[in-house]
Amino acid sequence: MESIVEATSGAVGAVVSTTILYPLDTCKTKYQAENRAHNHQKYRKISDVLWEAISTGRILSLYQGLTTKNFQSFISSFIYFYGYSFLKRLYLKKSGFNAIGTKANLILAAASGACTVIVTQPLDTASSKMQTSAFGKSKGLWKTLSENTWSEAFDGLGISLLLTANPSIQYTVFDQLKQRLLKEKMSKIRDDVSSQAALSAFSAFLLGAVSKCIATCVTYPAIRCKVMIQSTESDEDEEDKTQTNSKKTISGALRAIWKKEGAFGFVKGLQAQILKTVLSSAFLLMIKEKITKTTWVLMIALKKFMFIARTRLKNS
């Protein structure tokens, strides 16, 4: 039941976080998806996407694809938190350890992330296509998926699996920063005592934000390529549409960025990505912690209700 509680609270947290930040996510994604030479760019900065929606009276189009994105966020978060919690308990049971080490933690997190990506990739691809469609012209989930082949539904799968390294980088950086911050405070404590409890809530949040920023910066070129691979082709020039297939590979996306935008193209939209990622992580973890206890109470109440119902059926 512990795994179900963790999965449910994490999934609900992800949905709420996604809904709150979705307009920012749409602006960011459309800005990242555009691949044009500097003097032909439709969006010079990310705010241009927002002003386009406002000026054309399509402000609600900033939420196009929200249902699909929330569905994907719920499913992916549920699978990830359930899988991670299950694998962690299984590891502790088989190994006989009381706590999980850093290396084992990273391996389990990566395994959970990889399983999640494989299951939810079609939803991720569909939501990206819906977000990058012209305002007011986004199609529904089923139509978006049915217009493409089954293999196209898994566009960007390889790079999505590669990006499961992002949490590993974040955790490693967080651990290193934490040890440096607490070096003086730990001088009077035995080396085998965990330092996590010594971190204040604010310090933990700050280090988490910094480590997430670093992980995002390291993996950002891959993030930009993923968006380009999964996006629609509505913003491309006519002469570029013959090159669509080549852009659907990692190497093709990298070449397209270098050819049209140069080195700075690999960091286009980085600031918005960092802002969205940090806020999303903060909202998700905050909401998850707040509803975990409530989820526990509801699960226990449901379990008791089912037990009483079965008992009454047997007696009758």
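## Cysteines

Cys 27 is buried, at a relative accessible area of 7%. The model, which is a predicted one, holds zero disulfides. A disulfide is a covalent bond between the sulfur atoms of two cysteines.

Cys 213 shows how the count comes out. The nearest cysteine sulfur to that of Cys 213 belongs to Cys 217 and is 6.5 Å away. A disulfide needs the two sulfur atoms within 2.5 Å. Cys 213 is therefore in no disulfide. Is Cys 213 buried or partly exposed? With 22% relative accessibility, Cys 213 counts as partly exposed, since buried means under 20%.

## The chain as a whole

What makes up the secondary structure of the chain? There are eleven helices and zero strands. Read in sequence order, the pattern is α-α-α-α-α-α-α-α-α-α-α.

The chain has 316 residues, and 44% of them count as buried. It exposes about 18000 Å². Carbon and sulfur atoms supply 65% of that area. Contacts also reach along the sequence. Take those between residues at least 6 apart: 77% of them join residues at least 24 apart.

## Helix 3 against helix 4

Helix 3 covers residues 66-95, and helix 4 covers residues 102-132. The two pack together, with their axes 9 Å apart. Two packed helices are described by the angle between their axes and the distance between the axes. Here the angle is about 170°. Angles over 145 degrees count as roughly antiparallel, so helix 3 and helix 4 are roughly antiparallel to each other.

Which residue classes form the contact of helix 3 with helix 4? It has 15 nonpolar residues, eleven polar and three charged.

## Thr 125 and Gln 230

Thr 125 lies in helix 4. It is buried, with a relative accessible area of 2%. Gln 230 lies in helix 8, which spans residues 201-230. Gln 230 is buried too, at 1%.

Neighbours within four places in sequence are left aside in what follows. Gln 230 touches Gln 121, Asp 124, Thr 125, Ser 128, Lys 129, Asp 155 and Lys 248.

Ser 47 is found in helix 2, residues 47-55. Its relative accessibility is 25%, so Ser 47 counts as partly exposed. Lys 28 is 19 residues away from Ser 47 along the chain. The C-alpha atoms of this pair are separated by 9.1 Å.

Where is Gly 140 found? It sits in the loop between helix 4 and helix 5, the latter being residues 141-146. Gly 140 has 40% relative accessibility and therefore counts as partly exposed. From C-alpha to C-alpha, Gly 140 and Thr 67 are 9.4 Å apart in space. In sequence, Gly 140 and Thr 67 are 73 residues apart.

How values were computed
Residues are numbered from 1 along each chain as its sequence is written. This is a predicted model: local features need pLDDT of at least 70, side-chain atom pairs count only at pLDDT 80 or more; totals for chains, interfaces and linings use all residues. Side-chain values use heavy atoms; hydrogens and water are left out. Buried means under 20% relative accessible area, exposed over 50%, partly exposed in between (1.4 Å probe, protein chains only). Axes are lines fitted to C-alpha atoms, for helices over the stretch in contact, and angles run from 0 to 180 degrees between N-to-C directions. Helices (H or I, at least four residues) and strands (E, at least two) are DSSP runs, numbered from the N terminus. Angles under 35 degrees count as roughly parallel, over 145 as roughly antiparallel, 65 to 115 as roughly perpendicular and the rest as oblique. Ala, Val, Leu, Ile, Met, Phe, Trp, Tyr, Cys and Pro count as nonpolar, Asp, Glu, Lys and Arg as charged, and the others, Gly among them, as polar. Contact means heavy atoms within 4.5 Å. Accessible areas come from the Shrake-Rupley method with a 1.4 Å probe; for residues, only the protein chains shown count as cover.
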